[in-house]
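Hi everyone, thanks for making time for me today.

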Amino acid sequence: MTSVLSSKKYRDESWDFADANTKQYTHCFHPYPAMMIPQVARKLLEKFGKKAKLLFDPYCGTGTSLVEANLKGINAIGTDINPLARLVAKVKTTVIPLDLLDAYIREFNEFVFQFKMGKQKKEVKVPTFKNIDYWFKKETQYLLSVAKQFIEEIENESVRDFFKVAFSETVREVSLTRNGEFKLFRMSPEQIKKFNPDVLDIMVSKLMRNREGMMEFTRVKKNGSWSKVYGFNTVYGIPENILPIESVDIVITSPPYGDSRTTVAYGQFSRLSNQWLGLEEMNEVDKRCMGGVRAKTLEIFGLKVLDEVIEKIAGIDEYRAKDVVAFYKDYMASIDNVSRVVKRGGIVAYVVGNRRVKGIEIPTDEITKQVFERNGFEHIETIIRRIPHKRMPRRNSPSNVSGKTDVTMNYEYVVVLRKL
Ligand SMILES: C[S@@+](CC[C@H](N)C(=O)[O-])C[C@H]1O[C@@H](n2cnc3c(N)ncnc32)[C@H](O)[C@@H]1O
């Protein structure tokens, strides 16, 4: 059913994909907060990307839109400041010959078997990062170190990265964090007592599942299409040697909903994996996310929809208003830069959520539309979809009072514009 708010902004249930399988192909690889569902990227490509040759995702996360582009024979470039997301995005879009992959998985299986039989006593170096004993039992630390050593000895880089992605998911599952939460909360003492995960078996099962995903991806992917994943921050510019001016046919992306301190903490989610894999520290990631550093002063953007809500929020809590300012300042700079690399006639599709701060809804869909219009785009449509699958907290604490929650963001907006 389609209900119309205006001819260009409407609710359309066919974009909800309530019962869709979101884990086909390499989409099954690794959890990540607020993932885009593949069906949305797919439908956008079918509707607006028929002739596209190059897709760009300026906040690619774990690469959902890159995978979908490649499945349609479209080349893709993504960027994300979180190194774990980049690793996952790269592995999801890099084809590995199945016989090569199978040889390594067989070797790992054999290794695990021998190890469990006690024939492979391993001298390993357990890492010593901060709080390791708080998050992992000693036995788990040892077994993770055994798996890590095996991975480090893999010569082929693509295979090594494939193993790292399975390892990273294993790290999360065998840690003493409560399941299903994005922020890091420790299990209760009773749960910890009973928790003795079989680290190596879990790793094997991730490898096997991901192998199936890779096989499907390889089978369906159109020949020759590629993805490249970078770590540049679009707030500060887009390197011309990677994406020249007016080179992109279509942008499909889901930007963060707000700053990491008060919305989704990507760095915190990734922290344990990053520590085990020796990737960049969590605090650094969250600081570099949009709005990572609170603005010193309030600001007028010259955009009525935004200025009005900032004024309202500032009337209740000036600090929170400064968080909002910091985020939208970065967000707008990023849109200005993205606008430049899109071809004339090219499409941008931003999947955004309108979060609430201090009970006041921030109309990010409208802000996104207007900032692109300022950059020479015309609005095509905004589709309102329900979020049945997206992994993100449905309730947050908009008042920042812990325990006081509010239902938030059950809908998101697919904002589509064309460059004139
Ligand atoms: C909603 S997630 C994207 C999820 C992605 N569509 C997926 O399916 O996995 C937003 C991403 O933006 C990234 N991010 C935040 N600030 C950024 C910035 N300034 N430049 C690039 N990426 C940024 C975060 O690390 C996060 O991965």
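Let's start with Asp16, which sits in the loop between strand S2 (9-12) and helix H1 (38-48). Keep in mind as we go that this is a predicted model. Now look for Pro388 on your screens. Asp16 and Pro388 are 372 residues apart in sequence, but from C-alpha to C-alpha they are 7.0 Å apart in space. If we leave out residues up to four places away in sequence, Asp16 touches Arg385, Arg386 and Pro388.

Tyr25 has a phi near 50°, a positive value in a residue other than glycine. Ala34 is another non-glycine residue with a positive phi, near 55°. What about their surroundings? Tyr25 is buried, because 22 other C-beta atoms lie within 10 Å. Ala34 has 24 C-beta neighbours inside 10 Å, so Ala34 counts as buried too.

Next, a different loop. Pro58 is found between strand S3 (54-57) and helix H2 (64-71). With 25 C-beta neighbours inside 10 Å, Pro58 counts as buried. Which residues is Pro58 in contact with, leaving aside its neighbours within four places in sequence? They are Thr79, Thr234, Val251, Thr253, Ser334 and Val338. Trp15 is 43 residues from Pro58 along the chain, and 22 Å separate their C-alpha atoms.

From here, please turn to the ligand. There are 22 residues around the ligand, and the ones that come nearest are Tyr59, Gly61, Thr62, Thr64 and Asn82. How many residues of each class does the shell have? It has 13 nonpolar, eight polar and one charged.

Let's zoom out to the whole chain. The chain is divided into domain 1, which is 2-95 + 222-419, and domain 2, which is 98-219. Notice that domain 1 is written as two stretches of sequence. The centres of the two domains, taken over C-alpha atoms, are separated by 30 Å. Where they meet, 26 residues of domain 1 are in contact with 25 residues of domain 2. On the domain 1 side, the elements that give two or more residues are helix H3 (83-92) and helix H10 (266-277). Which of these gives the largest share? That is H10, with eight residues. By class, this side of domain 1 has 17 nonpolar, seven polar and two charged residues.

Take H4 (98-116). Its 19 residues should span 27 Å at 1.5 Å a residue, and its end C-alpha atoms are 27 Å apart, which agrees. The buried residues in H4 are Leu101, Tyr104, Phe108 and Val112. Why do we say they line one face of the helix? Seen down the axis of H4, they fall within an arc of 80°, so they share one face. Turned away from that buried side, H4 carries the exposed residues Asp99, Arg106, Glu107, Glu110 and Gln114. What covers the buried residues of H4 includes H6, H7 and H9. Just after H4, Gly118 takes a positive phi of about 85°.

Now H9, residues 199-220. This helix has 22 residues and reaches 32 Å from its first C-alpha to its last, close to the 32 Å expected at 1.5 Å a residue. Its buried residues are Val199, Leu200, Met203, Lys206, Leu207, Asn210, Met214 and Phe217. Seen down the axis of H9, they fall within an arc of 110°, so they line one face of the helix. The face turned away from them carries the exposed residues Met208, Glu212, Arg219 and Val220.

And what do the buried residues of H9 pack against? Their partners are H4, helix H6 (138-152) and helix H7 (157-174).

Notes:
Residues numbered from 1 in each chain as written. Predicted model: local features only at pLDDT ≥ 70, side-chain atom pairs only at ≥ 80, totals over all residues. Near = placed C-beta within 6 Å. Nonpolar A, V, L, I, M, F, W, Y, C, P; charged D, E, K, R; others polar. Helix = DSSP H or I, 4+ residues; strand = E, 2+ residues; numbered from the N terminus. Expected span 1.5 Å × (residues − 1). Buried ≥ 20, exposed ≤ 12 C-beta atoms within 10 Å, placed from the backbone. Arc of directions from axis to C-beta. Contact = placed C-beta atoms within 7 Å. Domains from an automatic or database assignment.
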